[in-house]
Amino acid sequence: MIEQVQLNITYEVVSSIEELTEQERQVFHLAQQATDNAYAPYSNYLVGAALLLSDGSTHQGTNQENAAFPSGLCAERTLLFGVGSNHPDKTIELMAVTVRRRHESHFLKACPCGACRQVLAEYQNRQHSPIRLLLQAEDGKITRLKSVEDLLPFMFTKDML
Ligand code: THU
């Protein structure tokens, strides 16, 4: 017998920054501003991430590249590992990710890689509450997700160990 299973992934497409809540807009803008600090001399692909913690503080991260390519790290993980190290007791409520190319001001579609999705899953599971996500989409739109589950179905979790 073969059972067909369908996954239900939910996300919203928000038509512009103006449609976000004030809090979301602030975090999203911080992610966009963070692209200015990306260190990406090899790819010229500037990724900026920002997040909001339960104490109301905001934090930014960027991709950090290296001449020895595997030694670099994505913006999302740079940010998450920094916050995990410095604010381990705080809950991550919201994270935004944006991308642009060097010398270009318009933003591109942001799509966290598989490894960053897995790290997001770890932090969400650790804090037992959802991390909301805002991803830069095409044409100034924003993809809004309520939880990491919608970004990484079949996530690997500690109870599988
Ligand atoms: N990158 C990120 O920072 N986040 C992503 O979600 C995808 C890729 C970085 C890694 C590398 O510095 C550059 O983008 C090109 O892959």
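Biologist: Is Tyr42 buried or exposed, or something in between?
Modeller: Tyr42 counts as partly exposed, because its relative accessibility is 43%. Buried means under 20% relative accessible area, exposed over 50%, and partly exposed in between (1.4 Å probe, protein chains only). This is a predicted model, where local features need pLDDT of at least 70, side-chain atom pairs count only at pLDDT 80 or more, and totals for chains, interfaces and linings use all residues. Residues are numbered from 1 along each chain as its sequence is written, and side-chain values use heavy atoms, with hydrogens and water left out.

Biologist: How many aromatic pairs turn up in the whole structure?
Modeller: A search of the whole structure gives two aromatic pairs. Rings of Phe, Tyr and Trp (its six-membered ring) pair if their centres lie within 6.5 Å; planes under 30 degrees apart count as stacked, over 60 as edge-to-face and the rest as tilted. Tyr42 and Phe69 make a tilted pair, 5.6 Å centre to centre with 50° between the planes.

Biologist: Which parts does that pair tie together?
Modeller: Tyr42 is in the loop between α1 (22-34) and β2, and Phe69 is in the loop between β3 (58-62) and α2, so the pair ties together parts 27 residues apart in sequence. Helices (H or I, at least four residues) and strands (E, at least two) are DSSP runs, numbered from the N terminus. Phe69 counts as exposed, at 59% relative accessibility.

Biologist: Why is the pair of Phe81 and Tyr123 called tilted?
Modeller: Their ring centres are 6.5 Å apart and their planes stand at 45°, so the pair is tilted. Phe81 lies in helix α2 and Tyr123 in helix α3 (residues 114-127), so parts 42 residues apart in sequence are tied together. Phe81 counts as partly exposed at 37% relative accessibility, whereas Tyr123 is buried at 14%.

Biologist: New topic. Which residues are around the ligand?
Modeller: Among them are Ser43, Tyr45, Asn63, Cys74 and Pro112. A residue is near a molecule or strand if one of its heavy atoms lies within 4 Å of it.

Biologist: What does Glu65 do there, in terms of distance?
Modeller: A polar side-chain atom of Glu65 lies 2.5 Å from an oxygen atom of the ligand. A polar backbone atom of Ala75 is 2.8 Å from a ligand oxygen, and for an N or O atom in the side chain of Glu76 the distance to a ligand oxygen is 2.7 Å.

Biologist: How much of the ligand does the protein bury?
Modeller: The protein buries 74% of the 370 Å² that the ligand exposes when taken alone. Accessible areas come from the Shrake-Rupley method with a 1.4 Å probe; for residues, only the protein chains shown count as cover.

Methods: Polar contact = N/O pair within 3.5 Å; in protein donor to acceptor, adjacent residues only side chain to side chain.
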